[in-house]
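Take a look at the chain below. The report then goes through it part by part.

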Amino acid sequence: MALLAAVVLGLTVAPSAEADQYYTRYCPGGITPCVPDGYHHTYCFNGNWDAYWDRAFVHDAMQRFDHQTNYTIENKACGGSDIDVVWLPFNDPNTGILGAYQCVSVGASGRCRNAWIQLNAAKLTNYTHRRHSACHELGHSAGVSHDAPDNTDCLMSGLRDNWSYNNHHITHMNSGQ
Ligand SMILES: [Zn+2]
């Protein structure tokens, strides 16, 4: 059984060593990273933010995303169904989930027109961890997955401090439209 498992694992890993799951065109649905419908990334805040935390870390993450990529950003009021990222806090100490990205509306182009990013206040208890998770989920909203993260990149999962994208992910984000 051990040998069989090793062979199956080898077959699974080998072809994907150089592959990178980057969804350059179409939104497969669910929580899979999904390319948005343009390079102007609008965002708003929904839910009960003030009860949990200051939202400045979200603006930090959005501004670095703006600086590092070809995307432009705009903070808008929520409403309508074309906001690229709706930021939503939740508060659940009984889950391992720190944050989650979900495309909730796919446009005619097959790209995402409206996504949610949820962040768990109960698990993200300091500013740098919140900012890292904001960077991480925001990366998903621009189509990058967990492939090829390193210590310079916020697509590394977990409680971390880094809030930048590495060149690999920046290249993907800038060629996604
Ligand atoms: Zn992730």
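## Overview

How many helices and strands does the chain have? There are four helices and five strands. This is a predicted model.

The chain has 177 residues, and 36% of them count as buried.

## Confidence

The mean pLDDT of the chain is 82. A score of at least 70 is reached by 80% of the residues. Where is confidence lowest, and where is it highest? Helix α1, residues 2–13, is lowest, with a mean of 35. Strand β2 is highest, at 98.

Residues 1–21 stay under 50 in pLDDT. For this stretch, the model has four contacts beyond four places in sequence. Where pLDDT is low, predicted coordinates should not be read in detail.

## The sheet

The five strands form an open sheet with mixed pairing. Their order is β2-β1-β3-β5-β4. At the edges are β2 (72–75) and β4 (99–106), each of which pairs on one side only. On average, neighbouring strands of this sheet are turned by 25° against each other, direction ignored.

Strand β3 covers residues 85–90, and strand β5 covers residues 112–120. These two pair in the parallel sense over six bridges. Trp87 has Ile117 in β5 as its bridge partner. Phe90 stands opposite Asn120 in β5.

## A hairpin and a covered strand

In which sense do β4 and β5 pair? They pair in the antiparallel sense, over seven bridges. Ser105 stands opposite Asn114 in β5. The two strands form a hairpin with five residues between them. Gly110 sits in the turn and has a positive phi of about 85°.

Strand β5 is mostly covered. Eight of its nine residues are buried.

Helix α3, residues 127–141, lies across β3, β4 and β5. It runs at about 155° to β5. The 15 residues of α3 reach 21 Å from first C-alpha to last. That is close to the 21 Å expected at 1.5 Å a residue. After α3 comes Gly143, whose phi is positive, near 95°.

## Inside α3

Why is α3 described as largely enclosed by the rest of the structure? Twelve of its 15 residues are buried, so the rest of the structure largely encloses it. Among the buried residues are Arg130, His132, Cys135, Leu138 and Ser141. The buried residues of α3 pack against α2, β3, β4, β5 and α4 (167–174).

Is Thr72 buried or exposed? Thr72 is exposed, because 12 other C-beta atoms lie within 10 Å, and a residue with 12 or fewer counts as exposed.

Which residues does Thr72 contact, leaving aside neighbours within four places in sequence? They are Tyr39, His40, His41 and Asp66. Thr72 and Thr42 are 30 residues apart in sequence. In space, their C-alpha atoms are 8.3 Å apart.

Notes:
Residues are numbered from 1 along each chain as its sequence is written. This is a predicted model: local features need pLDDT of at least 70, side-chain atom pairs count only at pLDDT 80 or more; totals for chains, interfaces and linings use all residues. A residue is buried if 20 or more other C-beta atoms lie within 10 Å of its own, exposed if 12 or fewer, and partly exposed in between; C-beta atoms are placed from the backbone. Two strands pair if DSSP finds at least two bridges between them. Axes are lines fitted to C-alpha atoms, for helices over the stretch in contact, and angles run from 0 to 180 degrees between N-to-C directions. Two residues are in contact if their C-beta atoms, placed from the backbone, lie within 7 Å. The expected span of a helix is 1.5 Å times one less than its number of residues. pLDDT is the predictor's confidence in each residue, from 0 to 100.
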